[in-house]
Amino acid sequence: MIRKLEITTFNFPDNAVIWDVRDAKAFAEGHVKGAVNQPINDLSADQLSRIDAGQPIYVLCGGGSKAPRAAELLHSFDENRDIVVLMGGTRAAKAAGMELEQGQ
């Protein structure tokens, strides 16, 4: 199942799996706290299988179309997985005053 939530109203749960699907350079320039860089071009069924099946995966990008495309790809690997697109991405988070981390 794919759900969509606005990043600006999202309360990040403890131990959330947050995948930022931008390239490494964009990720290093600024990302939400707790996010892991998983570029869209590198997503695989193997990566998905490493995450507990009951754990939702939160996906975001800079604010464009990569996160929804990544969610569709992940859904194709496992249709039963809970995939949540954080709409607005890092641009919306930054605009809303959320603190972004830099570096890997």
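What share of the contacts in the chain with a separation of 6 or more comes from residues 24 or more positions apart?

Modeller: Happy to! This is a predicted model, in which local features need pLDDT of at least 70 and side-chain atom pairs count only at pLDDT 80 or more, while totals for chains, interfaces and linings use all residues. Residues are numbered from 1 along each chain as its sequence is written, and side-chain values use heavy atoms, with hydrogens and water left out.

To your question: residues 24 or more positions apart account for 75% of those contacts, a contact being heavy atoms within 4.5 Å. T90 has contacts of its own: leaving aside residues up to four places away in sequence, T90 touches D20, R22, G30, H31, V32, L60, C61, G62 and L100. T90 sits in helix α4, residues 89-95. Across the chain, 39% of the 104 residues are buried.

Stepping back, the chain holds four helices and seven strands, where helices are DSSP runs of H or I with at least four residues and strands are runs of E with at least two, numbered from the N terminus. Their order from the N terminus is β-β-α-β-β-α-β-α-β-α-β. The C-alpha atoms fill a box of roughly 35 × 25 × 25 Å along the principal axes.

Notes: Buried < 20%, exposed > 50% of the residue type's maximum accessible area, 1.4 Å probe, protein only.
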